[in-house]
Amino acid sequence: MAETLSPCSPRGQCQPGMGANASSANMDTNASSSAAPALMGGSAWRGREPFSIFTVLVLTLLVLLTVATFLWNLLVLATILRVKAFHRVPHNLVASTAVSDALVAALVMPLSLVKELSAGRRWRLGRELCLVWVSFDVLCCTASIWNVTAIALDRYWSITRHLQYTLLTRRRISNVMIALTWVLSAAISLAPLFGWGETYSPEQERCQVSQDPSYTIVSTGGAFYLPLCVVLFVYWKIYKASKFHMGGRRRNAVVPLPEAAQVKEASHEPQMVFTARHAAITFQTDGETWREQKEKKAALMVGILIGVFVLCWIPFFITELISPLCSCNIPPVWKSIFLWLGYSNSFFNPLIYTAFNKNYNNAFKNLFVKQR
């Protein structure tokens with residue numbers, strides 16, 4: 001063992017300075033050999049570094065948002081299917097919206113969450129799953145946006161054309177709008193599969209919507225900016241119609257008579273007095289009619305629905321349109337924030353159009369009572 005550890009020759013003779021050089025060489029070798037695992041262990045530790053408390057809270061919030069979005073839309077669908085009174089317009093539009101929002105929560109948000117958990121937000125699930133995820137992302141989100149537009153259009157026509165917009169006409173138009181919504185959404189989502197841009201980059205492990213400039217303009221225009229113009233125009237017309245009806249009601253109001261109108265019979269006989277109270281001949285009271293209250297409630301619901309829709313989606317679609325055209329480098333964290341803000345619209349939609357309809361609240365209660 002001494003010979004193996006000694007830098008001298010087998011005869012016991014040492015070269016001058018040889019021991020020091022050999023010792024330093026051995027020390028350098030040992031240091032370098034021990035440094036390599038340390039570096040490897042450091043990088044591995046950095047890859048396995050535990051999440052911060054803030055990151056855990058954010059991930060928990062995203063998981064709860066995904067689960068709540070799916071369950072709430074599923075509850076709306078179950079209620080519409082079980083209650084026969086909901087098997088008509090406009091509940092078919094609500095059902096179509098709930099289907100698209102439930103698909104967002106079931107097929108899109110979980111894979112997006114997996115992407116957020118990966119280091120550097122890289123996609124490591126393969127090309128095929130990337131194409132499926134992106135296609136369903138564009139399909140379901142576009143369908144959700146156009147379903148909101150269809151609900152706004154239905155409310156607009158029911159308020160401004162309530163005589164011509166009969167139940168039969170309403171059913172036909174709503175079915176056409178639902179069909180066009182899903183056909184247009186499918187066309188926009190499936191276009192990259194036929195060569196219009198690329199969604200997956202194996203070198204960079206990146207999976208995203210096609211960044212081809214022409215596809216970006218067409219897809220963002222068809223999925224957001226066109227329905228945005230429609231809903232803003234619709235709400236402006238609803239607001240004008242509501243103001244017009246309120247003004248017309250005030251102009252057509254009948255002035256009440258005095259407290260008592262007395263008619264006297266001129267005769268030598270004792271006078272007979274006939275009294276007519278003003279309430280008997282007043283055609284309209286100062287309070288709002290049932291239809292005006294319904295119109296005001298519908299206008300408020302459409303306004304909140306449109307406002308939440310715009311706030312949730314406009315940051316994402318502005319960055320989605322500008323980024324490929326100007327080659328801007330937007331930080332990934334902001335892209336994730338804007339994307340999940342858009343996903344949250346699928347959570348708010350059922351809350352809004354059920355909060356303004358007492359029939360849904362009663363149906364929810366009856367559904368749970370029967371289940372018990």
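Residues are numbered from 1 along each chain as its sequence is written, and side-chain values use heavy atoms, with hydrogens and water left out. Because the model is predicted, local features need pLDDT of at least 70 and side-chain atom pairs count only at pLDDT 80 or more, while totals for chains, interfaces and linings use all residues.

The chain holds 11 helices and four strands; helices (H or I, at least four residues) and strands (E, at least two) are DSSP runs, numbered from the N terminus. Of its 372 residues, 37% count as buried, where buried means under 20% relative accessible area, exposed over 50%, and partly exposed in between (1.4 Å probe, protein chains only). The accessible surface comes to about 22700 Å², with 66% belonging to carbon and sulfur atoms; areas come from the Shrake-Rupley method with a 1.4 Å probe, and for residues only the protein chains shown count as cover. Among contacts (heavy atoms within 4.5 Å) between residues at least 6 apart in sequence, 75% join residues at least 24 apart.

Leaving aside neighbours within four places in sequence, W313 touches C141, I145, F224, G342, Y343 and N345. L305 sits in helix 8 (residues 290–326) and counts as buried, at 2% relative accessibility. Beyond residues up to four places away in sequence, L305 is in contact with V148, I151, N349 and I352.

Helix 3 (residues 53–82) has 30 residues, which at 1.5 Å a residue should span 44 Å; its end C-alpha atoms are 43 Å apart, in agreement. The expected span is 1.5 Å times one less than the number of residues. Among the buried residues of helix 3 are L59, L62, N73 and V76.

On the surface, L107, V114, L125, L129, V132 and F136 form a nonpolar patch with about 430 Å² of accessible area together. Patches are made of residues with over 30% relative accessible area and no salt bridge, like charges being joined within 9 Å and nonpolar side chains (Val, Leu, Ile, Met, Phe, Trp, Tyr) within 5 Å.

The charged pairs come next. A salt bridge is a side-chain nitrogen of Lys or Arg within 4 Å of a carboxyl oxygen of Asp or Glu, and the count comes to six. R127 pairs with E198, their closest N and O atoms being 2.9 Å apart. R127 lies in helix 5 and E198 in the loop between helix 6 (167–190) and strand 1, so the pair ties together parts 71 residues apart in sequence. D154 is buried, with a relative accessible area of 0%. The side chains of R170 and D154 meet in a salt bridge (2.8 Å, N to O), linking helix 6 to helix 5. D154 also forms a salt bridge with R155, at 3.3 Å.
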